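Student: Could you take me through a close look at one part of this model? I would like to see how a single residue sits in its surroundings, and then what ties the chain together close by in the discussion.

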Amino acid sequence: MEEINCQGKTSWPELVGKKGEAAANTIEQENENVKATVLKDGTPVILDFRCDRVWVWVNDNGVVVRVPTIG
């Protein structure tokens with residue numbers, strides 16, 4: 001498998017426990033190459049890898065429950 005080198009920051013562990021929309025805004029400010037999308041944890045998503053996408057997984061209260069990463 002070839003190595004994929006995405007540009008800019010690729011992971012935001014410091015955003016776990018923060019509000020989803022605020023986390024998405026932070027992600028897009030810290031890496032202008034990505035679009036952050038807030039989703040309820042467990043929502044089915046496409047599994048292809050993309051350097052321009054970050055899923056922001058939140059619970060029923062809108063709080064980030066997984067480390068947002070590029071993919």
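Tutor: Arg53 is buried, with a relative accessible area of 7%; buried means under 20% relative accessible area, exposed over 50%, and partly exposed in between (1.4 Å probe, protein chains only). This is a predicted model, in which local features need pLDDT of at least 70 and side-chain atom pairs count only at pLDDT 80 or more, while totals for chains, interfaces and linings use all residues. Residues are numbered from 1 along each chain as its sequence is written, and side-chain values use heavy atoms, with hydrogens and water left out.

Arg53 belongs to strand E2; strands (E, at least two residues) and helices (H or I, at least four) are DSSP runs, numbered from the N terminus. From there, the Arg53 side chain reaches the backbone oxygen of Gly71 at 2.8 Å. Setting aside neighbours within four places in sequence, Arg53 is in contact (heavy atoms within 4.5 Å) with Val34, Lys35, Ile46, Asp48, Thr69, Ile70 and Gly71.

Now for the disulfide, a pair of cysteine sulfur atoms within 2.5 Å. The structure holds one, and it joins Cys6 to Cys51, S to S 2.0 Å. Cys6 lies in the segment before helix H1 (20-30), and Cys51 in the loop between strand E1 (35-40) and strand E2 (53-58), so the pair ties together parts that are 45 residues apart in sequence. The torsion about the S-S bond of Cys6 and Cys51 is about -70°, which means that the disulfide is left-handed. Cys6 is buried at 17% relative accessible area, whereas Cys51 is partly exposed at 30%.

Terms used
A polar contact is a pair of N or O atoms within 3.5 Å; within protein, one must be able to donate a hydrogen and the other to accept it, and residues adjacent in sequence count only if both atoms are side-chain atoms.
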